[in-house]
Amino acid sequence: MGAAPAAGVMDRLRRRFASARALLAEFYVSPYRGVVARARRDEDDLFMLFVFSELLGVPNPATYYTLELQPILLERFHEWHTRMGMEHSPLDGLRCC
Amino acid sequence: MNATFLAILGLGAMFAGYQFYSKFIAEKIYRLDPKFETPSHSMRDDVDYVPTNRVVLWGHHFTAVAGAAPIIGPAIAIIWGWVPAFLWVVLGTIFFAGVHDFGAIWASVRNRARSVGALTGDVVSHRSRTLFMIVIFLLLLMVNAVFGVAIAQEFIAMPSSVIPVWSAVAVAIVIGVLIYRMGVHIFWPTVIGTIILYAVIYLGEIVPITLPAEMFGLQAGAQWILILFLYAGIASMLPVWLLLQPRDYINGIQLFVGLGLLYGAVLLASPTIVAPAFNAAAGDLGAPPIIPLLFVTIACGAISGFHGLVGSGTTSKQLDKETDARFVGVLGSFGEGSLALVTIIAVSAGFASLADWQAMYSSFGRGGIGAFVEGGGNIVASVGVPLAFGKTLLTVMAVLFAGTTMDAGVRLQRYIIQEWGVIYNISLLQNGYVATVVAVGSCLVLAFGAGGADGSGGMIIWPLFGTTNQLLAGLTLLVISVILVRLGRPSRYTMVPMVFVMTMSFLAALHQLWSLYTTGQYLLVFLDLLIIVAAVFVMLEAASALMRERRARPVAVPITAE
């Protein structure tokens, strides 16, 4: 007889706990979401520079591996040059739009 | 008088202010619209612009604006007696800070979440935007210098706080790494981190740390100041996720724990106020005239321009519904007011007798964090917490608030210097390391310049800091008033506070100019002159902008979409 209400209480407690966890996570993340995203973007830009360095005339010993990544990064490259205020791709060998 | 009564009276008044006054402002003046599409929706990018739960947002806004300043200010200003401090904190919070913080969020939300600085450029004039930058830089410079000095003083007064304070940095870094490098959920790091933070206080008592009284001709205070700024410089260069974010978070938790502990202790112990209601002897103790100095000594806790920066910088980008602005803005400032209120109680009822109180307040500027720790520690001790533990705990709390502000402040100063490097084409200043060295160096010059080689007199700049903060508040209130005039709505609810804080900060700056000149503090005289010039320009800008608006009033300028 007492099992059903007890399960209900446990359920409610679990839900409460889950929402408290979510609230706490939001409390941690939300003020710095933008800052962290920007820092991450800067890191990604640096990585992209490595991947496309041969196209810019900078010799890259890891080209054999980074070449494979170029198509994957193409979309992000487009985002990058529009963000930098260039309507079209600045690289002759790379026409993304 | 009983302190419980004072606490209930103050909190009750603030609550009534929220219920009635801010409701009136929300409905009749700012006219919040639940259907208005806020920037968090219209410009949503899930990075900066994200609709956020109003309780979470309030938590951020509150913890971002409340810190060491609402503790230091009232703890100094009590020298004039508790009644003036109490009245200014409670009435200021309701009629000044509430309207100001709320208004900054509202104005920003109605203008694509632009910051008050940018709005000043749009609404008032381009000149005033430059002015705004200068005032902010001065504010950061002073807050960093003052907090550096205040922390150094506390480290010397309470050697048991040294280990807990530096452990908090380690705890923060561990939390940052756990969350971003290991993908751990925040819940357990929070629980364990908080437990460690309080457990380490015991360790601090067993192993108190003191620096040698003199090393390389530097006294202990000066050594601490150098160490602190070295740390702040390094900390401000570290990635945000590694230190600043978890540190801010721990601080927020600390704030809630500390407020709960203090109010709980006050209610349980119900101490009696021993400080005089009005202290006629304040003048003999070297305190400046209460008018205008009270209104700049207590800036945060009554009204503070810094809140407008937070409200229009980050809060407005995350506001889900426009009607949430009242909850977040007004209750955020009331949260800070409640911290100032409990500080007033700690420094007026936390002493056994009037003689003890007078011994603490033997001269102006002697209070500060020390008095808060002493009084608060006594109150907490009367409900069973060991006195030494309670005092260390309160010291750690206040120092962590100040330390986090310093970390963030040095970082912001660096950004401003780098921006100046870009504007004026000085490539050297654009370098992050150079800009940090310039930022830290300017703070050190001020910290030592104000108090001599031992860095002990840094508290002299406290009222100057308050003056600058109020100037910023005046600028924000000006922006809100101009917008209200343009909309053809009553502007007296923001205009009267604006005229009041501008007048008080201007008079205070003039008074300080004289006293600094006669004591030969020429560096501070120069700083004060800068503030006075800025204040004059702000007032001229205010007058010209408002005159222009009054003349143009029949023509509705579409500044805000209604």
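Hi everyone, and thanks for coming. A word on conventions before the tour. Residues are numbered from 1 along each chain as its sequence is written, while chains are lettered from A and ligands numbered from 1 in the order in which they are written. Since the model is predicted, local features need pLDDT of at least 70 and side-chain atom pairs count only at pLDDT 80 or more, whereas totals for chains, interfaces and linings use all residues.

Let's start with chain B. Its secondary structure comes to 22 helices and 2 strands; helices here are DSSP runs of H or I with at least four residues, strands are runs of E with at least two, and both are numbered from the N terminus. The radius of gyration of chain B is 23 Å, close to the 24 Å that the globule rule gives for 562 residues, so chain B is as compact as a globular protein of that length. That radius is taken over C-alpha atoms, and the globule rule is 2.2 Å times the number of residues to the power 0.38. Along its principal axes, the C-alpha trace of chain B spans about 70 × 55 × 50 Å.

How much of chain B is buried? Of its 562 residues, 58% count as buried. The cut-offs: a residue is buried if 20 or more other C-beta atoms lie within 10 Å of its own, exposed if 12 or fewer do, and partly exposed in between, with C-beta atoms placed from the backbone. Now for contacts, where two residues are in contact if their C-beta atoms, again placed from the backbone, lie within 7 Å. Among contacts in chain B between residues at least 6 apart in sequence, 84% join residues at least 24 apart.

Chain A next. There are 4 helices and 0 strands here, and the elements run α-α-α-α from the N terminus on. A compact globule of 97 residues would have a radius of gyration near 13 Å, but chain A has 24 Å. Its C-alpha trace spans about 75 × 30 × 25 Å along the principal axes. Buried residues make up 9% of the 97 residues in chain A. Of the chain A contacts between residues at least 6 apart in sequence, 31% join residues at least 24 apart.

Where do the two chains meet? In this model, 16 residues of chain A are in contact with 20 residues of chain B. On the chain A side, helix H1 (3–29) and helix H2 (33–51) each supply at least two residues. The largest share of that side, 7 residues, comes from H1(A). By type, the chain A side divides into 11 nonpolar, 2 polar and 3 charged residues. For that count, Ala, Val, Leu, Ile, Met, Phe, Trp, Tyr, Cys and Pro are nonpolar, Asp, Glu, Lys and Arg are charged, and the others, Gly among them, are polar.

As for B:Ala398, leaving aside its neighbours within four places in sequence, its contacts are B:Ala68, B:Ile71, B:Ile369, B:Phe372 and B:Val373.

One helix I'd like you to look at is H13(B). Of its 14 residues, 13 are buried, so H13(B) is largely enclosed by the rest of the structure. H13(B) also bends by about 40 degrees at B:Gly311; the bend is the angle between axes fitted to the seven residues ending there and the seven starting there.

Finally, some backbone details. Most residues other than glycine have a negative phi, and most peptide bonds are trans. The peptide bond from B:Ile291 to B:Pro292 is cis, with omega near 10 degrees, and B:Pro292 lies in helix H12 (residues 290–297) of chain B. Then there is the loop between helix H5 (82–109) and helix H6 (116–124) of chain B, which holds B:Arg112. B:Arg112 has a positive phi of about 50 degrees although it is not a glycine, and with 14 C-beta neighbours inside 10 Å it counts as partly exposed. B:Ala113 is found in the loop between H5 and H6 of chain B too, with a positive phi of about 60 degrees although it is not a glycine. B:Ala113 is buried, with 24 other C-beta atoms within 10 Å.
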